[in-house]
Structure formats: C-alpha cells, structure tokens
Amino acid sequence: MFTSVSSRSASAYKRVGIETSVDNADPHKLVVLLFDALYQALGGARLAIQGGDIPAKCKHINHAVRILEEGLIAPLNLEEGGELASNLHALYTYCVQRLTIANIRNDIGIIEEVQRVMEPVSSGWKQINGKGPAYLQPV
C-alpha cells in the first residue's frame with residue numbers, strides 16, 4: 001500500500017538526476033537520452049510480458065511509442081534532411097507499427113526485433129558525438 005521512505009527517496013533522486021541530465025543536455029545528448037529511454041522502455045516491456053503483467057507491458061510499450069513519435073520522428077526535417085531524414089522517418093514509423101503489434105500479441109520477439117533494428121541508429125548517433133546535421137537534431 002505504501003512504499004518505503006528509502007524507495008521513495010531513491011525514486012526522487014533518480015527523477016532529479018534525469019531532469020538535470022535533460023536540462024543540461026545539448027541536442028546531441030538529448031537524442032542519446034531518448035535512445036537510452038527507448039531501450040529501457042523496451043526492456044521493461046519484455047520483462048512485463050515474461051511476468052504476465054499486462055498493464056506494465058502496455059505502459060512500457062506506450063512509452064516507447066511516444067519516444068519514437070514525439071522524440072525521434074517529430075523533430076525530423078523531411079524537407080532539408082533529404083534521403084537520410086526520410087529513411088529515419090520510415091524506420092521509426094516501422095518500429096511504431098511493430099510495437100503496436102507486439103502490444104496486441106504480447107510478442108517478445110517483435111520487441112527484440114525493434115531493439116535490433118534501432119541498435120545501429122543508436123550506435124551511429126553516439127559515434128557522431130554531436131557532429132551530425134542540424135536537421136537530425138531535436139529542436
């Protein structure tokens with residue numbers, strides 16, 4: 001019914017740490033944080049499916065979809081970004097569609113597929129270390 005004081009304190013500390021990271025991040029770092037949050041949401045969804053926790057699965061998959069739609073798709077400038085921005089848009093949209101199916105079917109395999117598909121993009125973004133084109137950086 002109630003959480004322990006240490007659990008609440010740890011949760012508050014984590015929340016402040018995340019907020020501080022976001023507040024102090026440059027656009028490149030924000031995208032890195034988005035990818036990290038995406039992987040956390042996907043991992044949480046996988047664990048929830050394994051544990052039979054449907055509400056938690058829905059929460060984690062919905063969070064992953066919001067990260068993709070609001071954090072990664074929305075900032076893309078398709079006019080200036082050319083083929084690269086268009087390809088990223090298609091990839092992120094594909095992942096949203098696959099996660100919707102994973103949510104309906106309770107399919108861990110699809111969640112793992114999305115993780116595999118996103119890994120090269122995430123890894124590449126981390127490697128460019130803020131030197132990417134402006135149209136790939138969040139506003």
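Asn103 touches Lys57, Cys58, Ile61 and Asn62, leaving aside residues up to four places away in sequence; contact means heavy atoms within 4.5 Å. The model is predicted: local features need pLDDT of at least 70, side-chain atom pairs count only at pLDDT 80 or more, and totals for chains, interfaces and linings use all residues. Residues are numbered from 1 along each chain as its sequence is written, and side-chain values use heavy atoms, with hydrogens and water left out.

**Asn103**
- Asn103 is part of helix α4, residues 78-105; helices are DSSP runs (H or I, at least four residues) numbered from the N terminus.
- With a relative accessible area of 18%, Asn103 is buried (buried is under 20%, exposed over 50%, partly exposed in between, with a 1.4 Å probe and protein chains only).

**Helices α2 and α3**
- Helix α2 (residues 27-51) packs with helix α3 (residues 54-73) at an angle of about 160°, their axes 8 Å apart; axes are lines fitted to C-alpha atoms over the stretch in contact, and angles run from 0 to 180 degrees between N-to-C directions.
- That angle makes α2 roughly antiparallel to α3, a term for angles over 145 degrees.
- Residues making the contact include Val31, Leu34 and Phe35 of α2 and Ala56, Lys57 and His60 of α3.

**Cysteines**
- The structure holds 0 disulfides, a disulfide being a pair of cysteine sulfur atoms within 2.5 Å.
- Cys58 is partly exposed, at 25% relative accessible area, whereas Cys95 is buried, at 0%.

Notes. Helices (H or I, at least four residues) and strands (E, at least two) are DSSP runs, numbered from the N terminus. Angles under 35 degrees count as roughly parallel, over 145 as roughly antiparallel, 65 to 115 as roughly perpendicular and the rest as oblique.
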